[in-house]
Amino acid sequence: MTRLLASPAYRLVLASFLWSFGGNLVYFFLNFHLEALGFGRQAIGLAQALLLFTGVVFALPLAYLIPRLGYLRSLHLAFLLAVGSGLLLGLGLLVFPSLAGYGLAGALLQGAAAPLMARLVPAERRVALFSLQAALTTASGFFSTLLAGLLSEWVGARWVLLFALPFFLLAVPLVLGLPEGEGQAPRFRGRFGVWLRLLLPQVVIGLGAGLVIPFLNLFLKEKFGLTYGATGFVFALSSLATGLAMLLQPLLVRRVGKLGAIVLVQALSLPFLALLAWAPWLPVVTLALLVRGALMNAAGPVYAALVMDYLEDGERPGFFLVESGIWSLLFALGSALSGVAQEALGLAAFHYLFAATLTLYALGIALWPWAFGRLRAAYGEGEGSS
């Protein structure tokens, strides 16, 4: 353990795990927390949209600020915002401003963490390290969602979010003393075509995800009459399955390449999304939830490593912020539309929402070969292909 903590890269991975433990607790239980505060379904949809829309508003300003502020100081600021906003949100005070502050913390983390991690290891180790980091942070959801379910029975849904704060605070010492890294402002001239191809498949998928993913806990709870604890257990298993799938991604990348791994796992997830939407039996729906989440989300760290092959060091923070901002904008739009549909149609709205999500997922997956096939030709046959 001492040797691991001596490595800057692994300290950052462990800090990400603790951050994600608290973040997953907030993410999973936010809907229930807002319900306990008396918010209606449409207001919850707008809250989800605001949480993500904050990242959109600040994407470009932070793209210029983070390289000048430094990756490490940006992480410190993110932790400070998360603790302050999380405290107010957990107490039910200034709920919408607190959600905006929490969203800003996430944007800072998004723009600083991946470029800093890329600097801490050589290029040939990025897939392995990104996969380990993503697996641990995702698997943290197994424990945090279990904890959320148990806490809801103990203290009530009204107070669960406050228990995320200690995990945010525990992450702070791990990033103290990491090597500082400063980048450059993003360079857009002559890079629009490259960025467009790197972004387009991902953001199309983001729009589809926004329609149903933020509401899956409410969907399962209403459709099958689950308790908070049972719902938390199902989502905990989903996080664990996703983390295990991410650990296997380096092996898949060695066989079919980064692009092939992304397309394969995401395409295989589509039938399970259909089962999740329309199967009438809880065991089948639970299995579909586990497999769909594992396959669809396992591509995330491979995507992060793949785009590094086509980005200059100085433009990486800007790219990840812009990618996160656009993805969040479409995800937020999907969440807001979904909230309106659910307010009007109730549980029946999910028939249409899942159908739209399946269509958008299929389109986004089909765009991967188009996007990266042209980039490979431009950058050379071997670059970015393994």
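**Reading a patch, a crossing and buried residues**

Biologist: W159 lies in the loop between α6 (126-155) and α7 (165-175). What counts as a helix here?

Modeller: Helices are DSSP runs of H or I with at least four residues, strands are runs of E with at least two, and both are numbered from the N terminus. This is a predicted model, in which local features need pLDDT of at least 70 and side-chain atom pairs count only at pLDDT 80 or more, while totals for chains, interfaces and linings use all residues. Residues are numbered from 1 along each chain as its sequence is written, and side-chain values use heavy atoms, without hydrogens or water.

Biologist: Is W159 buried, exposed or partly exposed?

Modeller: Buried means under 20% relative accessible area, exposed means over 50%, and partly exposed is in between (1.4 Å probe, protein chains only). W159 is partly exposed because its relative accessible area is 36%.

Biologist: Which residues make a nonpolar surface patch with W159?

Modeller: A patch consists of residues with over 30% relative accessible area and no salt bridge; like charges are joined within 9 Å, and nonpolar side chains (Val, Leu, Ile, Met, Phe, Trp, Tyr) within 5 Å. A salt bridge is a side-chain nitrogen of Lys or Arg within 4 Å of a carboxyl oxygen of Asp or Glu. Areas come from the Shrake-Rupley method with a 1.4 Å probe; for residues, only the protein chains shown count as cover. Here L87, L88, L91, L93, L94 and W159 form a patch of about 510 Å².

Biologist: Where is L94?

Modeller: L94 is in the loop between α4 (71-91) and α5 (95-120). L94 is exposed, at 56%, and has a positive phi near 45°, although it is not a glycine. By contrast, A371 in helix α13 (residues 349-379) is buried, at 0%.

Biologist: How does α2 pass α6?

Modeller: Two packed helices are described by the angle and the distance between their axes. Axes are lines fitted to C-alpha atoms, for helices over the stretch in contact, with angles from 0 to 180 degrees between N-to-C directions. The axes of α2 (residues 8-36) and α6 come within 7 Å and cross at roughly 35°. The crossing is right-handed: the near helix is turned clockwise from the far one by less than a right angle.

Biologist: Which residues of α9 are buried?

Modeller: In α9 (residues 216-224), they are L216, N217, L218, F219 and L220. Just after α9, G225 takes a positive phi of about 65°.
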